[in-house]
Amino acid sequence: MKKLIISGLLSCSLIFSGLIGEQKTEAASVGETVSNAALSVVGVPYSWGGTTTSGFDCSGLVNYAYKQSGVSLPRTSADLYNYGKAVSKGNLTKGDLVFFSTYKAGPSHVGIYTSDNQFVHASNNGVRVDSLTSNYWSGTYLGAKRVYTKTGWVHSASTWYYYNQGEMKTGWLYTGGAWYYLADNGAMKTNWVYVNGSWYFLTANGDMKTGWVYVNNEWYYLADNGAMKTGWIWSNNKSYYLKSDGSMAKDTIIDGYVVGADGAWIQ
């Protein structure tokens with residue numbers, strides 16, 4: 001079985017040019033930013049249709065806070081209620097939207113969860129913080145939605161993960177012109193991985209290699225789909241033989257054919 005520690009990819013005329021993966025960047029906590037943005041405008045007066053620090057209505061405050069993280073949302077409480085994914089009251093985190101049925105049935109009011117059962121919202125008395133456990137707000141509570149904003153690579157605890165609209169990806173992923181493999185826990189894999197009966201090699205950046213690779217003092221050949229080859233192959237107008245573990249044979253005789261020191265069949 002292959003060791004999962006790479007000794008380095010060496011430059012050689014046999015190596016195919018590597019695929020260039022997309023830029024990975026550290027992702028900020030959107031929920032934290034949104035919560036802080038809303039709290040920063042506590043005391044701003046209520047204004048029907050207001051979306052600025054001169055005055056907010058409930059959905060206007062939500063839109064303002066999320067825009068501070070570069071996220072655009074639907075404008076009304078009803079539309080916001082149909083956006084994102086439902087989350088239980090016991091699993092609320094900063095930035096989650098909390099909805100209430102107040103002056104009419106359905107999601108007629110919305111606020112932003114901060115922490116400890118507190119939420120910030122634009123009430124008739126202006127932007128303020130209230131408790132979800134108070135008699136009025138617990139009695140009118142309708143539900144909560146999590147606005148999924150993460151799309152792309154996220155770095156957490158020294159590991160890369162990939163999200164699509166907040167949903168963590170697993171398995172094969174094609175993005176930025178390269179293939180990546182994400183484990184069942186979402187962690188991006190590197191080095192050798194065994195998937196569906198085939199070996200694949202993923203660089204330190206996570207992108208899948210094709211063609212020749214030099215690992216732990218051995219040459220391997222990866223097909224166009226990334227799967228490690230065994231047996232005879234044709235490359236650069238020469239025949240090579242790859243053993244059952246994928247490593248290239250050299251200085252030996254295979255099937256009656258002499259294989260040279262460079263691994264190529266001596267014709």
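Helix α1, residues 30–39, lies across β5, β6 (118–123) and β7, and runs at about 115° to β5. Helices here are DSSP runs of H or I with at least four residues, strands are runs of E with at least two, and both are numbered from the N terminus. Angles run from 0 to 180 degrees between N-to-C directions, with axes fitted to C-alpha atoms, for helices over the stretch in contact. This is a predicted model, where local features need pLDDT of at least 70, side-chain atom pairs count only at pLDDT 80 or more, and totals for chains, interfaces and linings use all residues. Residues are numbered from 1 along each chain as its sequence is written, and side-chain values use heavy atoms, leaving out hydrogens and water.

Helix α2, residues 58–67, also packs on the sheet. Helix α2 touches β4, β5, β6 and β7, contact being heavy atoms within 4.5 Å. Its direction makes about 35° with that of β5.

Now the sheet. It is open, with six antiparallel strands in the order β3-β8-β4-β5-β6-β7. Strands count as paired if DSSP finds at least two bridges between them. β3 (85–86) and β7 (126–131) are at the edges with a single partner strand each, so one side of each has no neighbour in the sheet. Between β4 (97–100) and β5 (109–113) there are four bridges, and V98 sits opposite G111 in β5.

Last, two loop residues. D116, between β5 and β6, has a positive phi of about 50° without being a glycine. D116 is exposed, at 66% relative accessible area; exposed means over 50%, buried under 20%, partly exposed in between, with a 1.4 Å probe and protein chains only. N196, in the loop between β14 (191–195) and β15 (198–202), is not a glycine either and has a positive phi of about 50°. N196 is exposed, at 78%.
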